[in-house]
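These are my notes from going through one structure for the first time. I wrote down each thing I looked up and what came back.

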Amino acid sequence: MAEEKRDYYEVLGIQKGASEDEIKKAYRKKARECHPDLHPDDPSFVEKFQEVNEANEVLSDPEKRARYDQYGHAGVDPSYGGGDMGGFGGFADMGDILENIFGGFGFGGGASRSSANSPKHGADIHESVTISFMEACSGKKHELKVNRMCTCESCKGSGADAGTSAEICPDCKGRGSVKATQRTPFGAISSTKPCPHCSGKGKIIKNPCSKCRGVGRLRVQKNVSFDIPAGINDGQTIRLGGQGDCGVNGGSAGDLMVNINVKNHPLFTREGYDIHCEIPVTYTDAVLGAEIIVPTIDGDVKYNISEGTQTGTVFRLKGKGVKMINRADRGNQYVKVNVEVPKNLNKKQKELLKDFEASLSDKNYAKRQSFFEKIKAKLDF
């Protein structure tokens, strides 16, 4: 007698009269919950995922759903209950027959899966670290607490309790798969499927490890120390090979991916490896020229601005930018001058300023003179 199947509506967790939208929503939810990639340590989710896909395949098709509502599983599965349903097992066309036979083996039902005993690469772990602007410029050593899957030390990854070992599955004799025969209009067709007793592993654990409960891996908090290189920028990722979850069945470990977030700085901004900043300069220093103090990521430096420096003037400090990763070169620092016009002058200061202004001529204001000459030329004065 064929194996008893669960009701498709029960599999998706919906009522029999559910709408198409309700079926779609229920399928997406169940598919996410039962996806084998989210449960690498529990092979039973392979069958659960296939069961969800099978239920959706029938209930999302109006014709198949109608046959299922009328005849149950016998209306959509030629091998169920031994009935032919009119010679074609209740299938509407050849496509239904082939889809039922080969579904789950690469012909529409789902992708084929490797052996449950084949090595599987461990999952990558993604973490984020926030550092200061100056730490990004100079680099630092950082320590991060990471929760990662590690091989169980108690059972050494076997999943069996101390003093015991896994036994050969009596159903599949260690092969991990069993033959399944389906009746079709072409006759009986045999195929293989994962052994339901051992979930395709070929062995069973009668005495599971008390520490990892037979999984062979445990999630453990580990301290990972690594270097954040000088010159790293906001949004970049550091890849630490082999620091992710350990593999399964001898598979290699995943990687630890650390995303770097850099805080803003009150004075500096960054473009690539160049540093930008603005600096206020007094009116007198801008007019007469002066030696000013300019902050950099390495500390303050002295710089001589020339006589008659204008607001918006940008000068470059070569090699005062950020160190380039894996190179000895550095970017530059660009400093924009903002001339600060004095405020709150007293009467005497204003009179002195007016006398000073009266002593100037157009040659002292090259930009203004050029501006009015352009206007005259335009208006043909």
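I began with Asp-245 and listed what it touches, leaving out residues up to four places away in sequence. The list holds Gly-122, Ala-123, Ile-125, Arg-148, Met-149, Arg-217, Arg-219, Ala-253 and Gly-254. The model is a predicted one. Asp-245 sits in the loop between β8 (237-240) and β9 (256-262). Is Asp-245 buried or exposed? Its relative accessibility is 7%, and buried means under 20%, so Asp-245 counts as buried.

I then stepped back and noted 10 helices and 15 strands. The protein has 381 residues, and buried residues make up 31% of them. I looked up the contacts with a separation of 6 or more: residues 24 or more positions apart account for 61% of these. The accessible surface comes to about 23700 Å², and carbon and sulfur atoms hold 50% of it.

I looked up Asp-61, which lies in the loop between α3 (44-59) and α4 (62-71). Its relative accessible area is 26%, which makes Asp-61 partly exposed. I also checked its distance to Glu-20, 41 residues away along the chain, and found the two C-alpha atoms separated by 9.3 Å.

How many salt bridges does a search of the whole structure find? The search returns 12. I wrote down some of them.

- Arg-6 pairs with Glu-10, with the closest N and O atoms 3.7 Å apart. Arg-6 is partly exposed at 38% relative accessible area, and Glu-10 is partly exposed at 48%. Both belong to a network of salt bridges that also links Glu-51.
- Glu-135 pairs with Lys-140, and here the closest N and O atoms are 3.5 Å apart. Glu-135 has a relative accessible area of 27% and is partly exposed. Lys-140 is also partly exposed, with a value of 27%.
- Lys-141 meets Asp-227 through their side chains, 3.3 Å from N to O. This pair links distant parts of the chain, with Lys-141 in strand β2 (residues 140-151) and Asp-227 in strand β7 (residues 217-228), 86 residues apart. Lys-141 has 58% relative accessibility and counts as exposed, because the cut-off for exposed is over 50%.

I checked the length of helix α9, which runs over residues 347-358. At 1.5 Å a residue, its 12 residues should span 16 Å, and the end C-alpha atoms are 17 Å apart, so the two agree. What caps the N-terminal end of α9? The cap is Asn-346, which has a side-chain oxygen 3.2 Å from the backbone nitrogen of Lys-348.

Which element gives the largest share? That is α8, with 3 residues. I looked at one member from the other helix: Phe-356 lies in α9. Phe-356 has 35% relative accessibility, so it counts as partly exposed.

Key: Residues numbered from 1 in each chain as written. Predicted model: local features only at pLDDT ≥ 70, side-chain atom pairs only at ≥ 80, totals over all residues. Heavy atoms only, no water. Helix = DSSP H or I, 4+ residues; strand = E, 2+ residues; numbered from the N terminus. Expected span 1.5 Å × (residues − 1). Polar contact = N/O pair within 3.5 Å; in protein donor to acceptor, adjacent residues only side chain to side chain. Buried < 20%, exposed > 50% of the residue type's maximum accessible area, 1.4 Å probe, protein only. Contact = heavy atoms within 4.5 Å. Areas by Shrake-Rupley, 256 points an atom, 1.4 Å probe, with all protein chains shown as cover. Salt bridge = Lys/Arg side-chain N within 4 Å of Asp/Glu carboxyl O.
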